[in-house]
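Me: I have a protein model open and would like to learn how to read its side-chain features. Please take them one at a time.

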Amino acid sequence: MKQEKLELIIPVSSIGKRADVAIQDLLSNYSRAKIQEWIKSGFILLESKKISPKDIFMGGERVFIDIQQDEKELQFEPENIPLNIVYEDEDLLIINKQKNMVVHPAAGNWSGTLLNAILFHIPKNKALPRCGIVHRLDKDTTGLMVVAKNEITQSNLVKQLQEKKVFREYRAIVWGQVLVNKTIDLPIGRHPTVRTKMAINKNNGKNAVTHYEVLERFLMHSYLRCKLETGRTHQIRVHMSHNTSPIVGDKTYGLKKIIPTKEMSSTLKEATINFPRQALHSFSLGLIHPKTKENMLWDSELPKDMKNLLDLIRSESSLSF
């Protein structure tokens with residue numbers, strides 16, 4: 001089974017946490033149960049010593065991890081699915097993900113995913129954990145993603161994400177007149193009753209920080225720039241919903257009932273209330289190239305559906321500025 005060797009430094013924010021909890025915080029793509037399994041099997045070491053999932057970290061520890069590729073990943077098949085490639089070299093691939101594309105195969109989506117497309121475009125990535133995928137976008141979130149093409153690059157990019165060195169900026173169309181720029185610093189964890197959802201969870205959630213800035217303000221909507229400091233599952237969607245400015249089209253975290261103002265035309269009501277996905281786009285992506293050490297930054301245009309919606313909102317709002 002293919003392994004990826006990873007070295008992590010336990011941050012100050014993990015002081016007092018159990019080993020399995022602290023490590024899973026840093027490797028959010030893997031479940032706590034999987035981390036516990038690796039610890040018990042000796043695939044996770046503190047310096048050169050075995051540890052227990054219950055051991056408490058003091059911060060600053062050096063942990064070595066042999067990430068074990070799931071046997072199921074070896075069974076995934078390449079599929080000739082077009083990719084919008086923004087940049088590519090021998091180490092990494094930057095893609096502009098389209099809507100309605102799942103990143104990684106899972107129950108209900110075993111084919112037609114970004115991973116299947118990557119395997120067709122870069123067959124050798126089958127040897128990498130998660131086939132080189134180091135972070136995700138939701139199925140209906142569009143925009144920029146990075147994929148590693150070798151183990152050294154993948155390990156480096158995971159470390160950059162851990163150390164918050166990867167720049168990620170999004171564009172979002174939300175409900176409501178957002179009045180001020182703000183930083184939302186609220187932990188996110190599993191919803192206490194609906195396991196398919198995430199929620200603000202101050203008891204068991206993971207640190208989550210989103211910075212947002214108002215680019216344009218309208219009668220019933222706002223156009224935002226959102227910058228991620230952390231990358232929790234559904235982070236922007238959960239934070240915006242908690243902020244009472246849910247993303248237009250978000251059927252999971254959006255408003256249950258929209259009451260349009262009289263000023264909204266029937267065309268705008270239809271376009272916003274029935275927008276078929278969350279109006280969220282990964283607009284900019286920046287990182288340090290693992291080999292050249294060059295600071296690199298990519299931007300992508302708004303997809304057509306968000307651009308059309310924004311133009312319609314602008315045309316009908318006298319408060320745009």
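Predicted model: local features only at pLDDT ≥ 70, side-chain atom pairs only at ≥ 80, totals over all residues.

Reply: Residues are numbered from 1 along each chain as its sequence is written, and side-chain values use heavy atoms, with hydrogens and water left out.

Me: Which residues form an aromatic pair, and how are the planes set?

Reply: Rings of Phe, Tyr and Trp (its six-membered ring) pair if their centres lie within 6.5 Å; planes under 30 degrees apart count as stacked, over 60 as edge-to-face and the rest as tilted. A search of the whole structure gives one such pair. Y87 and W298 form it, with 5.4 Å centre to centre and 45° between the planes, and it is tilted. Y87 belongs to strand 5 (residues 85–88) and W298 to strand 15 (residues 295–299), 211 residues apart. Helices (H or I, at least four residues) and strands (E, at least two) are DSSP runs, numbered from the N terminus.

Me: Is W298 buried or exposed?

Reply: Buried means under 20% relative accessible area, exposed over 50%, partly exposed in between (1.4 Å probe, protein chains only). W298 is buried because its relative accessible area is 9%. Y87, at 25%, is partly exposed.

Me: What does the side chain of S300 join?

Reply: A polar contact is a pair of N or O atoms within 3.5 Å; within protein, one must be able to donate a hydrogen and the other to accept it, and residues adjacent in sequence count only if both atoms are side-chain atoms. The side chains of S300 and H281 are joined by such a contact of 2.8 Å. The S300 side chain also reaches the backbone oxygen of S282, at 3.3 Å. S300 lies in the loop between strand 15 and helix 7 (304–315), and it counts as buried because its relative accessibility is 8%.

Me: How many residues does the largest nonpolar core have?

Reply: A nonpolar core is a set of buried Ala, Val, Leu, Ile, Met, Phe, Trp, Tyr and Cys residues joined through side-chain atoms within 4.5 Å. The largest has 48 residues, and those with the most contacts inside it are I173, L224, I236, M240 and I247. Apart from this core lies another, of 31 residues, including A22 and V158.
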